[in-house]
Amino acid sequence: MQVLQVQLEVGPDPAEVGRARRWARKRLAGSGIGDDEPLAETLVLLISELVTNAVVHTGCPAVLRMLFAAEGGVRVEVADRSDRPPRPRHAAGEDTNGRGLELVDGLADRWGWQPEGAGKRIWCEVDRTPVVTASGEGIGSPGRVRC
């Protein structure tokens, strides 16, 4: 299995989340995942949530990595210098935050975290599996969206 890895250093500023999204869109397009594909939107949302968690909840710089497998799957990793494990929360109806890891869990095929040096790495993976349409044609699909 061949893998292409790209990475971006992210500062401890919430404004960096937008920069990470723009960077990710360019890398996705360069890997053959079109900006109009649902997979691209899913990955950008996952990246946005993971980078936001890193910079807002830790106040530390982070490193965003995207790994593209030859089979079409994409792994997103965000490593930061905080040793605090991620803490999934359950937001109430009117809460304005607390849904990030629930979104990651719902959109990614797999996700988790592990210690890395003095900090941690949170990762998620989205498979790029073909969907067979009613006409029998295959089209690309993100994660759990399958027919």
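A residue is called buried here when its relative accessible area is under 20%, exposed when that area is over 50%, and partly exposed in between, using a 1.4 Å probe and protein chains only. The model is predicted, so local features need pLDDT of at least 70 and side-chain atom pairs count only at pLDDT 80 or more, whereas totals for chains, interfaces and linings use all residues. Residues are numbered from 1 along each chain as its sequence is written, and side-chain values use heavy atoms, with hydrogens and water left out.

**Stop one: Lys 120**

Select Lys 120, which is found in strand E5; strands (E, at least two residues) and helices (H or I, at least four residues) are DSSP runs numbered from the N terminus. Is Lys 120 buried or exposed? Lys 120 is buried, because its relative accessible area is 4%. Now display its polar contacts, meaning pairs of N or O atoms within 3.5 Å in which, within protein, one must be able to donate a hydrogen and the other to accept it, while residues adjacent in sequence count only if both atoms are side-chain atoms. One of 2.9 Å joins the side chains of Lys 120 and Asp 80, and a polar atom of the Lys 120 side chain lies 3.0 Å from the backbone oxygen of Arg 84. Leaving aside residues up to four places away in sequence, Lys 120 touches several others, among them Thr 58, Trp 113 and Pro 115, where contact means heavy atoms within 4.5 Å.

**Stop two: the sheet**

Next, select the five strands, which form an open sheet in the order E1-E2-E3-E5-E4 with antiparallel pairing; two strands pair if DSSP finds at least two bridges between them. Strand E1 (3-10) and strand E4 (110-116) are the edges, each pairing on one side only. Strand E3 (residues 74-80) runs antiparallel to strand E5 (residues 119-126), and seven bridges join them. Within this pair, Ala 79 stands opposite Arg 121 in E5.

**Stop three: the core**

Of its 32 residues, Leu 43, Val 51, Leu 64, Met 66 and Val 76 touch the most other members. Helix H2 supplies the largest share of this core, 10 residues.

How values were computed: A nonpolar core is a set of buried Ala, Val, Leu, Ile, Met, Phe, Trp, Tyr and Cys residues joined through side-chain atoms within 4.5 Å.
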